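Please keep the sequence and the model side by side while reading.

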Amino acid sequence: MVLSPVLGKLVSKRVVLASASPRRQEILTNVGLRFEVVPSWFKETLEKSSFAAPYEYAIETAKQKALEVANRMHVKHLRTPDIVIGADTIVTVDEQILEKPVDKQDAYRMLSRLSGKEHSVFTGVVIIHCSSKDNQLETEITDFYEETKVKFSDLSEELLWEYIHSGEPMDKAGGYGIQALGGMLVEYVHGDFLNVVGFPLNHFCKKLAELYYPPLKHTIQHTKHDSIPSVDTFESLSDGESESSSFKEHKGASKLDSPSGVICNSENSSGVRTGSVVPLENQNGVLDSAAKVPSKILDLMDGFKASKALFVASKLKMFDHLKKRSPLKAEDIANEVGTSVCGTERLLDACAALGLLEKTPQGYNNTDSANTYLASDGEYSLHGYIIHSNDHLWPLFTHLESAVKEGSRQNHRAFGKKTEDLFNDYYQSQEVKQRFMAAMHSIAHLTARDVATAFDLSEFKTACDLGGCTGALAHELIQIYPNMKVTVFDLPEVIANSSCFQPSEQYTAPVTFVSGDFFTDDLPEADLYILSRVLHDWPDEKIHVLLNRISTVCRPGSALLVAETVLDEQKTHPPRTVLQSLSMTEGKQRSGSEYKQLLEKYGFTNTQIKITGNLLDTVLCFKKSQSSWHAQK
Ligand SMILES: Cc1cn([C@H]2C[C@H](O)[C@@H](COP(=O)(O)OP(=O)(O)OP(=O)(O)O)O2)c(=O)[nH]c1=O
């Protein structure tokens with residue numbers, strides 16, 4: 001995200017493009033945006049004459065398309081996206097709005113009106129920020145439009161019909177596609193070319209920049225406000241929650257039309273910024289001089305301290321104590337946990353500085369996030385995974401230098417044991433086994449909804465989650481698809497310990513647990529097999545055995561759902577997954593095309609990939625009939 005770092009602000013969000021237009025998908029994919037495509041069902045039938053200007057019609061249509069998708073995802077699929085993007089492109093000539101032609105005659109009518117003339121192409125775009133409050137969908141809508149002027153040459157009847165017979169006009173506004181054969185009809189274009197193709201990318205990036213970083217009032221008159229902000233401005237910001245709160249703060253500021261919150265602090269200090277020694281801020285509040293602070297690099301340098309503070313506070317169950325009773329002073333917590341008062345106070349302050357706790361004169365409180373994700377009994381507790389990160393990943397990563405030099409996992413240095421012995425240990429020590437399962441459960445529970453709903457799986461009557469561990473995904477599946485019967489297949493030691501992770505509610509169709517080794521034992525029959533966070537862990541030889549076995553038991557028409565984080569084709573995104581590879585397992589993370597290729601090798605076809613933008617993406621593929629698979633091999 002070098003050219004338009006503002007798009008990086010969307011990385012941690014569930015972004016949905018409410019459009020079936022392959023051009024829009026391509027434009028946004030090409031700049032590295034990760035999003036889901038959910039075409040809108042809204043019929044483009046608004047009364048054109050009720051709009052004062054054509055662009056108002058395009059914006060309203062775009063808005064209705066996006067709102068329809070946001071509502072449908074919220075109500076029907078129980079998934080509220082963070083951002084829905086909608087667009088509508090129209091062509092106007094002689095004050096008439098032209099949309100997509102309904103048939104060849106209609107295309108002829110449109111193109112002959114455009115022949116030899118200049119016309120306008122308008123794209124209306126809306127960006128809807130969604131949230132869910134008391135199960136109600138709440139939306140904040142931002143819209144804009146872009147106009148591009150296009151002039152056609154005089155078109156002969158012959159050329160016109162030849163073009164129409166090419167089939168190109170039919171799914172395009174005004175009956176032409178400037179990006180392909182239609183380009184030959186065009187004498188000039190004034191304005192954004194991509195706007196004609198269906199998505200005004202430049203204006204979109206500027207709009208996002210305005211939304212996430214509105215210009216400061218005191219500097220705006222000195223700055224030309226027509227460029228996309230510089231790299232540091234956006235990339236230095238962190239992911240996740242803090243991002244959405246920064247969005248709110250800045251949006252609030254823009255509504256009030258005067259700096260407030262974070263921005264206000266920088267303006268207050270502007271009083272001392274008159275001398276030449278103190279660098280001036282640019283329109284985004286970032287220092288402009290050569291002395292500007294490389295905050296991203298500084299954050300990376302300090303990242304390990306923040307991780308360790310989180311790990312230790314979790315290990316000492318400070319978030320659990322604060323969930324039970326708060327506010328608590330440092331001495332109270334130190335007494336409960338058995339730690340020094342001064343050390344505890346420093347750790348609690350660090351957690352408050354990181355936004356995990358709130359500090360008040362009465363003592364410390366958990367934030368909502370700490371209650372949900374950090375307390376060990378939180379609804380989506382990550383406690384298990386945090387402890388695993390502290391006890392297992394941290395020691396491994398302290399030997400990263402050796403790992404890079406030797407190109408291998410450093411279990412021998414970190415734990416004094418070879419990888420195989422360490423693995424066997426997991427199934428001997430009850431405590432380590434429980435800890436590992438708790439870690440897997442944390443992530444599976446947190447990602448279950450995403451994985452279960454990325455595709456409509458209602459056609460499958462039976463599913464088998466191979467390596468399904470505690471059954472977190474299986475339980476989510478039967479909640480969403482009540483007619484589905486789900487089996488969890490995992491090692492006997494895992495199944496024996498899974499009972500303490502079962503949800504308290506009673507389900508009418510319980511999950512079945514079957515023990516076995518998916519490399520050697522018979523796999524249960526199912527219409528849908530699931531491999532969630534399995535493939536990236538194993539070397540190619542093992543994957544060969546596993547996929548071969550699944551392919552053999554899979555009937556034609558049955559499917560395999562793989563849940564993993566799918567890397568981009570360059571394999572540098574998302575960073576969390578790229579960093580995970582540094583633990584040097586024998587397995588590897590893969591890009592979408594690599595998963596597709598791998599699955600095709602084992603007779604799976606029609607591969608569809610859903611990038612959820614969250615922790616796990618999903619790949620769904622179907623078993624080919626035996627004959628066509630063998631014919632291809
Ligand atoms: C003028 C012109 C339009 N187009 C396309 C862009 C849009 O996809 C289409 C206009 O129709 P739209 O209704 O804007 O979009 P769509 O139906 O393709 O997709 P959705 O409604 O699901 O968002 O015309 C070109 O591809 N090239 C061109 O030169």
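Strand 11 (residues 485-490) and strand 12 run parallel to each other and pair over four bridges, where two strands pair if DSSP finds at least two bridges between them, and where strands (E, at least two residues) and helices (H or I, at least four) are DSSP runs numbered from the N terminus. Across this pairing, phenylalanine 489 is opposite valine 514 of strand 12. The model is a predicted one, in which local features need pLDDT of at least 70 and side-chain atom pairs count only at pLDDT 80 or more, whereas totals for chains, interfaces and linings use all residues. Residue numbers start from 1 along each chain as its sequence is written.

The two strands belong to an open, mixed sheet of seven strands, ordered 12-11-10-13-14-16-15. Strand 12 (512-515) and strand 15 (604-610) are at the edges with a single partner strand each, so one side of each has no neighbour in the sheet. Helix 21 (residues 472-480) packs on the sheet and touches strand 10 (462-466), strand 11 and strand 13 (528-532), contact meaning that C-beta atoms, placed from the backbone, lie within 7 Å.

Terms used: Contact = placed C-beta atoms within 7 Å. Axes fitted to C-alpha atoms, helices over the stretch in contact; angles between N-to-C directions.
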